[in-house]
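Q: I have a new model open and want to learn how to read it. Where do we start?

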Amino acid sequence: MDRRLPSLVVVYLKGICMGAADAVPGVSGGTIALITGIYERLIAAITAVTPARVLSVLAAPVPGRRADARAAFRAVDGRFLAALGGGIATAILVVTRVLHVALDSEPVLTFGFFFGLIAASAVVLGTEVALDTPGRVAAALAGFLVAFISAGSAGTALPSTPLVTVTVGAVAISAMVLPGISGSLILVILGQYEFLVGRLTAFVDGLLGLLVGGSVAAVIAPGTTVVAFGIGAVVGLLSVAHAVRWALATYRYATLAFLVSLVVGGLRAPVVQAGKALAPGGWTTGALLVFALAGVVGAALVVALERYTEGIVV
């Protein structure tokens, strides 16, 4: 048996943790990568991916190109990326299905839980931020305003078109390389979270339906959205990774201030989304209590994760 198999299983399990985090607005996959000790390897692998190496790997079946394909696959740490990506995909498919049901049946409770996750994440990450220069204060203010204003308007301003989905995918995938902000939080702020979770669930259901004689049309419609998001994610991942590497190396503390403030400003998003679910009755004492209690549970989970993993080096 290949001795590398156990290590790849560990990477797959870490991918599951990252995917579960990215599927829920709160702790980001990038933060989980930091906690589990694979962040630098992830950034190095992603930034090693180039169009030429991708083409070399895809050309593996061509006679005489197998050696080049193997070299390119090793250069981008292909085993690591494949195992990690498999774990991330597994978790996202499972978690989003659960959240799709929760958002339909208990939107206020679900968004309250999201609020707690986001708030606690902001507090935990805030320990890494020092607002001791005008530049860092400006970066923090910019991050807060971007998220706060977007959370109040993007849900109605952005149509659910393929072009918008590509753009949203490119922005949201930044969570894979940003230790701080969750990709799902970006989707909530932009008002696209429920739509995309629903389309992904419908796509998976359509694929499973084909096994028992279901309609191809049931796959094509949501599949268009999934493919558009995937295209945006690939483009964003390959570009954002390089930008993040530069920003953290050049303006580390200002970048962290911007990211954490983005999370703080994003707290408006779950409140707005829960309010829409309550319309036309609006907020009641009971709804506020449910929202608050769910928020406490979400915050407790983040605090427990932070305390449990404090000082751990994997």
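Q: How are H7 and H13 oriented to each other?
A: Two packed helices are described by the angle between their axes and the distance between the axes. In this predicted model, the axes of H7 and helix H13 (residues 252–265) cross at roughly 155° and come within 9 Å. Angles over 145 degrees count as roughly antiparallel. H7 and H13 are therefore roughly antiparallel to each other. The crossing of H7 past H13 is left-handed.

Q: Which residues in H7 and H13 meet?
A: From H7 come Ile118, Ala122, Leu125 and Gly126. From H13 come Val260, Val263 and Val264.

Q: Which residues touch the most other members of the largest nonpolar core?
A: They are Phe114 and Tyr193, in a core of 35 residues. Helix H7 (residues 107–126) gives the most to this core, with seven residues. Another core lies apart from it and has 19 residues, including Val11 and Val244.

Q: What is Phe114 in contact with, leaving aside its neighbours within four places in sequence?
A: Its partners are Val24, Pro25, Leu99, Leu103, Tyr193 and Pro270.

Q: How many of the residues of helix H3 are buried?
A: Burial is read from relative accessible area, and under 20% counts as buried. In helix H3 (residues 39–48), seven of the 10 residues are buried, so H3 is largely enclosed by the rest of the structure. Those seven are Tyr39, Leu42, Ile43, Ala45, Ile46, Thr47 and Ala48. Across the 314 residues of the protein chain, 42% count as buried.

Q: Where is Asp77 found?
A: Asp77 is in the loop between H5 and helix H6 (78–105). Its phi is near 55°, a positive value in a residue other than glycine. Asp77 has 22% relative accessibility, so it counts as partly exposed.

Q: How many helices and strands does the protein chain have?
A: There are 15 helices and zero strands.

Q: Which helix has the lowest mean pLDDT, and which the highest?
A: Where pLDDT is low, the predicted coordinates should not be read in detail. Among the elements of the protein chain, helix H2 (residues 29–35) has the lowest mean, 74. Helix H5 (residues 66–75) has the highest, 92. The protein chain averages a pLDDT of 83, and 90% of the residues score at least 70.

Methods
Residues numbered from 1 in each chain as written. Predicted model: local features only at pLDDT ≥ 70, side-chain atom pairs only at ≥ 80, totals over all residues. Heavy atoms only, no water. Core = buried A, V, L, I, M, F, W, Y, C linked by side-chain atoms within 4.5 Å. Buried < 20%, exposed > 50% of the residue type's maximum accessible area, 1.4 Å probe, protein only. Helix = DSSP H or I, 4+ residues; strand = E, 2+ residues; numbered from the N terminus. Contact = heavy atoms within 4.5 Å. pLDDT = per-residue confidence, 0-100. Axes fitted to C-alpha atoms, helices over the stretch in contact; angles between N-to-C directions. Parallel < 35°, antiparallel > 145°, perpendicular 65-115°, else oblique. Left-handed = near helix turned anticlockwise from the far one by under 90°.
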